[in-house]
Amino acid sequence: LGLVGSEMCIRDSDLLEGKTVKTHVLYGKSEVEVEVPDDSTVIEPQNIEALEDYTSAIQNVLRHPTGSKPLKELVNKDDIVSIVISDITRPTPNHILVPLLIEELNHVPRENFVIINGTGTHRDQTRDELIQMLGEDIVDSVKIVQNHCNEKENLTKVGHSKYGCDAYLNKDYVASDFKIVTGFIEPHFFAGFSGGPKGIMPGIAGLETIQTFHNAKMIGDPRSTWGNLEDNPVQDMAREVNKMCKPNFMLNVALNKDKQITAAFGGDVFEAHKEGCAYVKEHAMFKCDDRFDVVIASNSGYPLDQNLYQTVKGMSAASKVVKKDGNIIMVSECADGFPDHGKFAEIFKMADTPQGILDLIHDPNFSEVDQWQVQKQASIQTFANVYVYSELTDQQLKDSMLNPTSNIEKTIADLEEQYGHKLSIGVMPQGPLTIPYVEDED
């Protein structure tokens, strides 16, 4: 076969007349089977086996951290300890990380802990969702605060950013004696990588600060892109705000396709994060010989593909290796809709074309929540056609200037008929967990 990729299992029964092969793309909590030509390229990270004993691995980084003394030695028994977690749109194994942190700090009374849910501009989680994320014991015994970015009374000013705004962070975090940030590290479409400083900025920041962090200039900067840390203005602002009220300790993990822990990183938020990003980058990069006519991509399945807003990440990853005026086919469940909260869907109604949307957002007088994600999507749509296979209605997708598809194979066949020749196809089963690139491109 001409199929390229990491450890993809192909059976004789998968072949149809020697011309096609079946592959599986993450979708919600399961997968979607897609039949593609057998010379398609499968683009995904190296397959990393889960740690057999993640508990020992995590305890090891808590006791032998990077750039820091052991966690237990840093915390006094009377300290108020805040633990910042990722919200439900991220697959961070909070139910593992938080209990291990509390166990490691067993000299601190449980009532001295406060868990801060880093919702950014997202909605609060329900009690059932918090139990899903943390376990019932933690939910019933530890104070949990949900970050409300638009409520000034729940925020504290910690400084002024060189990027032109005051920096506000969650008041419970700022007031705590010892601050821990958790998360997981994956490629990120404008911060370079997630995890580390992003748990704080924008996770627990105020709306004014988040809007600057995500403004048109920041998001439109070519350095604000996948896998880039050092001269990336988005990552730079995240670090800047972290330094104003720095976490005392970071605990991050890396995950594989099945959302299992493959590595743990702990210690100084900048040093340990850099170490984790190097590990993830080594396994996530995928070199392609050329761009493709069609790129089929997931949004890495649940929880990241809960809504269309998050699905822009997968579109962005696919856009790195699709040809100009080519086609992206997103496979993303979107069970939570656009979602209903925020301005994501509303902004798309403010212009008739993707370029019109970009012109609107680049107007200095325009400022709306969620404009950053709309900007990313619209910029991709000016470069390539985007189809979406999801639970959204055709009308919902058309309202976002996207093309609906309920049959991926038929869409590919229709495109081949339209173009009048056989199309080159790339498949990204894990979507934005991969950083695809074409060598020698700027």
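Ala, Val, Leu, Ile, Met, Phe, Trp, Tyr, Cys and Pro are counted here as nonpolar, Asp, Glu, Lys and Arg as charged, and the others, Gly among them, as polar. The structure is a predicted model, in which local features need pLDDT of at least 70 and side-chain atom pairs count only at pLDDT 80 or more, while totals for chains, interfaces and linings use all residues. Residues are numbered from 1 along each chain as its sequence is written, and side-chain values use heavy atoms, with hydrogens and water left out.

The structure contains 4 cavities of 30 Å³ or more. A cavity is a set of points, on a 1 Å grid over the protein atoms alone, where a 1.4 Å probe fits but cannot get out; lining residues have an atom within 4 Å of a point. Grid points are joined across faces, edges and corners, and a volume is the space filled by probe spheres set on the points.

The volume of the largest cavity is about 400 Å³. This cavity is lined by 31 residues, of which Arg-90, His-122, Lys-198, Pro-202 and Gly-203 are the closest to its centre. By class, the lining of the largest cavity comprises 8 nonpolar, 18 polar and 5 charged residues. At least two lining residues each are supplied by strand E4 (81-86), strand E9 (178-184), helix H11 (308-319) and helix H14 (371-381); helices (H or I, at least four residues) and strands (E, at least two) are DSSP runs, numbered from the N terminus.

The lining of the second largest cavity divides into 10 nonpolar, 6 polar and 2 charged residues.

Strands E4, E9 and E12 also belong to an open sheet of 6 strands with mixed pairing, in the order E6-E5-E4-E9-E12-E13. Strand E6 (143-146) and strand E13 (261-267) are the edge strands, each pairing on one side only; two strands pair if DSSP finds at least two bridges between them. From one strand to the next, the twist averages 20°. Strand E5 (residues 113-118) runs parallel to E6 and is joined to it by 4 bridges; Ile-115 has Ile-144 of E6 as its bridge partner.

Helix H3 (residues 94-104) lies across E4, E5, E9, E12 and E13 and runs at about 170° to E4. Contact means heavy atoms within 4.5 Å. Axes are lines fitted to C-alpha atoms, for helices over the stretch in contact, and angles run from 0 to 180 degrees between N-to-C directions.

Methods
1 Å grid on protein atoms, 1.4 Å probe; cavity = no way out; pocket = protein on both sides within 12 Å on 5 of 7 lines; lining within 4 Å.
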